[in-house]
Amino acid sequence: MKKLLMFAALAFGCTVGLMAQDVVSAVEGTVKRLDAASKVVVVKATDGTEHTFHFADDLAVHGGHATATGAGDAMHGLKTGAHVAVHYTVDGGQETAHEIDRLGGDGLKVARGTVSNVDRDGKKISIKSADGTEQTFDLADNAAKDTGEDIGKGTDKTARVSVYYTEDAGRKTAHFVKKVI
């Protein structure tokens, strides 16, 4: 019985640890320091806090000169001073970047408007722009996970947002959705 309880506690602890690792958050800010050798980027968030992110093996950079995947070639277009959104997980107090999106300038394209529909199961978001046109975007996995609850659950259909996206063969993929206040 004692062994069974110890096994159950161990299994529960491992499950909780894996669940915590899967929680994806996003932070927007400016690259303050970039160290390719140690695979670390320091970002000063828009709220003034600094975050030190370690590159995940599956790191993807969007909005660079060429989209890159993997920590080895992850510097494409990423440099000090770049405006970015970092999608990350926290494990043991360490923030690990899985996706970095370059925003503005020659980074990701941006569309602004009011949320008209959110389909979290289908990973889609639609917005209506000021001129009345409607655009629908596929949500990238990290964008689907970290889109704010007020936007993500569709409870705020009047939310004004900026959608940062890539476009390939006419398919628009949103990588970061930011609520505009």
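This note sets out the overall make-up of the predicted model and then the strand pairing around E7.

1. Composition. The protein chain contains eleven strands and three helices. Read from the N terminus, the order of elements is α-β-β-β-β-β-β-β-β-β-α-α-β-β.

2. Burial and surface. Of the 181 residues in the protein chain, 42% are buried, where buried denotes a relative accessible area under 20%. The accessible surface of the chain amounts to about 10100 Å². Carbon and sulfur atoms account for 54% of that surface.

3. Contacts across the sequence. Considering contacts between residues at least 6 apart in sequence, 51% join residues that are at least 24 apart.

4. Pairing of E7 with E10. Strand E7 spans residues 109–119 and strand E10 spans residues 160–168. The two run antiparallel and are joined by six bridges. Within this pairing, Thr-114 has Arg-160 of E10 as its bridge partner.

5. Pairing of E7 with E8. Strand E7 also pairs with strand E8, residues 124–128, in the antiparallel sense, here over five bridges. Asn-117 stands opposite Ser-126 in E8.

6. The turn between E7 and E8. These two strands form a hairpin, with four residues between them. Lys-123 lies in the turn and has a positive phi of about 55 degrees.

7. Reading the strands. When side chains along these strands are inspected, one general point applies: in a regular strand, side chains alternate between the two faces of the sheet.

Technical notes: Residues are numbered from 1 along each chain as its sequence is written. This is a predicted model: local features need pLDDT of at least 70, side-chain atom pairs count only at pLDDT 80 or more; totals for chains, interfaces and linings use all residues. Side-chain values use heavy atoms; hydrogens and water are left out. Buried means under 20% relative accessible area, exposed over 50%, partly exposed in between (1.4 Å probe, protein chains only). Contact means heavy atoms within 4.5 Å. Accessible areas come from the Shrake-Rupley method with a 1.4 Å probe; for residues, only the protein chains shown count as cover. Two strands pair if DSSP finds at least two bridges between them.
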